[in-house]
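Subject: Structure for you to look at

Hello,

I am passing on the structure that we talked about, with the sequence alongside.

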Amino acid sequence: EIMSGGTVGPTFEHHVGKELSAMQWDYTQRSFEGSSYRLATASRGEGANNRLTVWNVDPSYGPGYGVPDDRGRDAPAEGTFSVRCEVEAGLPGDAVSVHWLNVSGERQLVTALGSGRVMLFSYVGPGRGERPQLLAKPNVWEHGSTVRACALHENRHSFATGGATGAISLWNVCRVRAEATIIRGTDSLGVHDLQFLSNTDVAAAGSCTKVWDIREPANGPVQAFYSVKGPDQRAAAKGHRTSFAEVLCIAPHPQQPQLFATGDAAGTLQLWDRRRSEAPFASRAAPSAVGGARHGASASPLHHLSFHPLSHAVLSSGFDGRTLLWRVPGGSAATGLHSGEDLRPVPLFATPFPLTRHDVQPSANLLCASGLSATLHFLAL
């Protein structure tokens, strides 16, 4: 186990032929030995490349687990890790997010498009002699401008969208073509990411991280958190003038709503406690990749963050094509975090292309990441 000092399991790659912009495991599936898992992905591109896809992933490694491949790397034996497409549906534009829903026992998928449209699909699983189906539902919501992010509320019925204009729209899945509650003027740089920190608070990433109470959106943000650029952090600690980095992604803590993580354009991961917003209690820039930052970038922005399901680490995917696991100070955020301790990033794997999304299947402890490589990268943690 990587968190006890060992190595991670083997990786497996499945080429899908199109750039993947969003993904999510179906967390509601029950785990039992030999089971497979459902993964939903959404893509972007030209014409037929705009697809919503449900995959069946079977991570049963079998007797061949750990056999070196032809390049000397540990890998599962052929046929012991399978990924197959269950069903696909076309999308009328580039997707930016996908979320599984469970509404009155019906499995559904909500996907937000960059054009501003949000669509709902019903997933009908395989029956006797029948193939799975993705059926478009009449529920369609229009954000009104370019969408960059979509966040699902813990009630599994409400969600928020945000985008280039900085406005945040709050919607209810159970209402067909309903009017949205709008939070305006959130950020001049627009909204890069949205996450619900609790059942009443939504956080938006932009020039900083702002938190809004969705019960009283007209009152303005209740908190703001500024990401200080790496070289300026010591100056900030002394009260000197500093510059701030653009925040690109947010990860809420799975157990404690007062804790969250942010990743910025300078490649810095920061952990925050909402009870004291003046500075992060832990902050560290991602270590440089071998040979320097890729694609000519002087810094490697962090595109996507999430807490490990056990909450003892944060996972990041970035522009340099790497997925890192950051050990949380104190070992477990659930038992108390300690300020002043360094975050400890552990590289999991790297690709030649930027990674934009990842997700962990908690029952199988299986990480999947994707991005511009048009490939699903799987890793057993």
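β16 and β17 (residues 201–205) are antiparallel partners joined by 4 bridges; strands here are DSSP runs of E, at least two residues long, numbered from the N terminus, and two strands pair if DSSP finds at least two bridges between them. In this pair, Q195 lies opposite A203 of β17. Both strands belong to an open sheet of 4 strands, ordered β16-β17-β18-β19 and paired in the antiparallel sense. Its edge strands, β16 (193–196) and β19 (223–225), each pair on one side only. On average, neighbouring strands in this sheet are turned by 20 degrees against each other, direction ignored; the axes are lines fitted to C-alpha atoms, and angles run from 0 to 180 degrees between N-to-C directions.

Before the rest, a word on the source. The model is predicted, so local features need pLDDT of at least 70 and side-chain atom pairs count only at pLDDT 80 or more, while totals for chains, interfaces and linings use all residues. Residues are numbered from 1 along each chain as its sequence is written, and side-chain values use heavy atoms, with hydrogens and water left out.

Another open sheet has 4 strands in the order β2-β3-β4-β7, with antiparallel pairing. At its edges are β2 (20–25) and β7 (82–90), each of which pairs on one side only. β2 pairs with β3 (residues 37–43) in the antiparallel sense over 5 bridges, and A22 is opposite A42 in β3.

Now the cavities. A cavity is a set of points on a 1 Å grid over the protein atoms alone where a 1.4 Å probe fits but cannot get out, and lining residues have an atom within 4 Å of a point. Grid points are joined across faces, edges and corners, and the volume is the space filled by probe spheres set on the points. There are 2 cavities of 30 Å³ or more. The largest cavity holds about 40 Å³ of space.

Which residues line the largest cavity? They are A286, S300, L302, S316, S317, G318, D320, R322 and L324. By class, the lining has 3 nonpolar, 4 polar and 2 charged residues. Ala, Val, Leu, Ile, Met, Phe, Trp, Tyr, Cys and Pro count as nonpolar, Asp, Glu, Lys and Arg as charged, and the others, Gly among them, as polar.

Regards

Note on methods:
1 Å grid on protein atoms, 1.4 Å probe; cavity = no way out; pocket = protein on both sides within 12 Å on 5 of 7 lines; lining within 4 Å.
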